Amino acid sequence: MILKYSKIYLIIALMILTTALKAQNILVGAGIGGGTFEMNSIKDYNQTIVELLPFKPVLTDNFPPFFIYKAEVLYCFPKILAVGFNFHTTSTGSRLALSDYSGSFEHDNVQKGLFPGVKIMLGKAPGKSNGLNFLLEGGAAFSTMDIERVFKLADESQTDQIDYTAQGFFVQPGICYFRNIYSNVKLCANVSYYYGFEKGYHLPNEKDQKLFNSESGKPIKPQWDGIRLGITAYWSFRNNAN
């Protein structure tokens with residue numbers, strides 16, 4: 001599902017990029033950062049698994065912060081405003097594990113997200129001059145959850161794997177500081193907060209086959225909410241008249 005939407009978004013992005021490059025008034029950027037992830041719904045799901053099993057595995061990873069990768073294109077207006085589109089991707093996960101002389105058990109939960117959207121920046125001259133800017137991002141959220149359980153007992157082994165998908169949308173307000181490095185190279189440090197409005201996980205292409213917590217009866221959904229920190233490098237294409 002994510003791959004399908006990624007191809008569509010990439011085609012649209014390339015069309016917009018081609019038009020923007022002709023305008024010669026844009027910034028093309030690539031960035032890296034990090035984020036925290038709430039994931040309370042899935043943390044409760046892991047706890048339910050522990051309570052239902054006849055043995056008690058240990059939670060060794062619990063959706064830790066991870067890297068976020070971003071690409072974007074911004075069109076800079078003469079004053080106070082820059083608008084464009086971007087997408088970012090990240091992942092996180094958890095592991096329940098237990099092992100002794102007789103065997104082992106592992107329950108891995110890997111979450112991946114792809115977030116295409118639009119971006120608005122407000123400031124003195126976003127992308128043109130050094131300074132602080134306000135930013136607002138928003139768009140669609142496409143998530144996958146890959147679950148793999150491996151149970152080993154003596155010489156026997158059993159592996160179960162199942163995948164789920166979820167969709168939603170997000171808004172992400174924040175601030176950023178632009179710094180001109182060279183005539184066409186700029187750096188931007190940013191801090192923001194992701195607010196997600198995701199729906200529950202379901203089987204791929206079967207939205208009626210949803211995943212619920214058997215104890216609470218609540219749907220299990222991705223919750224990418226959290227702080228975002230990052231730095232983005234831009235290359236500017238600008239008409240000399242601007």
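In the predicted model, His107 lies in strand E5, which spans residues 103–122. With a relative accessibility of 0%, His107 is classed as buried, because the threshold for that class is under 20% relative accessible area. The His107 side chain forms a polar contact of 3.1 Å with the side chain of Arg149. Beyond its neighbours within four places in sequence, His107 is in contact with Asn46 and Ile49, with Ser94, Arg95 and Leu96, and with Ile147, Glu148 and Arg149.

The largest nonpolar core comprises 20 residues, of which Ile42, Met145 and Tyr201 touch the most other members. At least two residues of this core come from each of helix H2 (40–52), strand E6 (131–153) and strand E7 (156–180). The greatest contribution to the core is that of H2, which provides four residues. A separate second core contains 10 residues, among them Leu74, Met121, Leu135 and Cys188.

Strand pairing was examined for E1, E3 and E4. Strand E1 (residues 25–35) is antiparallel to strand E3 (residues 66–76), and 10 bridges connect the pair. Within this pairing, Gly34 has Phe67 of E3 as its bridge partner. E3 also pairs with strand E4 (residues 81–100), again in the antiparallel sense, through nine bridges. Here Phe85 of E4 stands opposite Val73. Four residues separate the strands in the hairpin of E3 and E4, where Ile80 adopts a positive phi near 55°.

Terms used:
Residues are numbered from 1 along each chain as its sequence is written. This is a predicted model: local features need pLDDT of at least 70, side-chain atom pairs count only at pLDDT 80 or more; totals for chains, interfaces and linings use all residues. Side-chain values use heavy atoms; hydrogens and water are left out. A nonpolar core is a set of buried Ala, Val, Leu, Ile, Met, Phe, Trp, Tyr and Cys residues joined through side-chain atoms within 4.5 Å. Buried means under 20% relative accessible area, exposed over 50%, partly exposed in between (1.4 Å probe, protein chains only). Two strands pair if DSSP finds at least two bridges between them. A polar contact is a pair of N or O atoms within 3.5 Å; within protein, one must be able to donate a hydrogen and the other to accept it, and residues adjacent in sequence count only if both atoms are side-chain atoms. Contact means heavy atoms within 4.5 Å.
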